[in-house]
Amino acid sequence: MIENFGNIFYLIIHVLITGLFGVYLVRIYFAPEGLVKEFNVDRSAIYLVRFIGTFALGFFLIGIYIIFKPGGPEGTWVYYNLIFIISAAQLLYESLFYFKLIDKDLEAKNSLTDLGLSVFMVASSAILIWGLSDKICTT
C-alpha cells in the first residue's frame, strides 16, 4: 500500500482527503439537520443538501478503491485533478461569501473552519498531483 504511493506522506494525505469525503457523507445521510442548521436554512433544504452532496459518494468510493487496488494511484490523474478543480472553485466561493463580497443578502453563514477545509483540499490535492505525477500520469 505505502509502496504504491511512494511514501507514507502521500498515503496519509490521500486517506485524509478520502476521510473528509466520508465525514461529509455521514453528515449528509445521517445528520442533515445539522447541516441545514449550520447554514441557517429551512429544513426543506435537506433534499437539496442530500442531492447536491451525493457527489461526495463517488469521490469516497474511488478514494477507498485507490488505496487497495493493485498499483494504487497509478493512472488516476482525473480523480486528483477533479478534486483540485472543484476544491479551488469552492475555496473561491467560500472566500467571497465569507468576506461578504457576494450574496450579501443571504442569511446563511460559513466559518473559518469552512475556509480552512477548502484550503486543505486545494493544497493537499495539489501536493498529491505534484508528488504522484510520475504515477498518476501514465501514457
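Author: Of the 139 residues of the protein chain, 34% count as buried, where buried means under 20% relative accessible area, exposed over 50% and partly exposed in between, with a 1.4 Å probe and protein chains only. The model is predicted, so that local features need pLDDT of at least 70 and side-chain atom pairs count only at pLDDT 80 or more, whereas totals for chains, interfaces and linings use all residues. Residues are numbered from 1 along each chain as its sequence is written, and side-chain values use heavy atoms, with hydrogens and water left out.

The chain contains 8 helices and 0 strands; these are DSSP runs numbered from the N terminus, helices being H or I of at least four residues and strands E of at least two. Among contacts (heavy atoms within 4.5 Å) between residues at least 6 apart in sequence, 67% join residues at least 24 apart.

The largest nonpolar core comprises 18 residues. Such a core is a set of buried Ala, Val, Leu, Ile, Met, Phe, Trp, Tyr and Cys residues joined through side-chain atoms within 4.5 Å. Phe 5, Ile 17, Phe 21, Tyr 80, Ile 83, Leu 128 and Leu 132 have the most contacts inside this core. At least two of its residues come from each of H2, H5, helix H6 (77-98) and helix H7 (112-131), and H2 gives the most, with 6 residues.

Tyr 80 illustrates the packing. Leaving aside neighbours within four places in sequence, Tyr 80 is in contact with Phe 5, His 14, Ile 66, Pro 73, Ser 125, Leu 128, Ile 129, Leu 132 and Ile 136. A second, separate core of 6 residues includes Ile 28, Leu 35, Ala 45 and Val 49.

Val 49 also belongs to helix H4 (residues 46-53), whose buried residues are Ile 46, Val 49 and Gly 53. These three lie on the same side of H4 because they cover an arc of only 65 degrees around the axis, the arc being that of the directions from the helix axis to the C-beta atoms. The buried residues of H4 pack against H2, helix H3 (32-38) and helix H5 (55-68). On the other side of H4, Tyr 47, Phe 51 and Ile 52 are exposed.

H2 (residues 8-30) also holds Val 15, which is partly exposed, with a relative accessible area of 39%.
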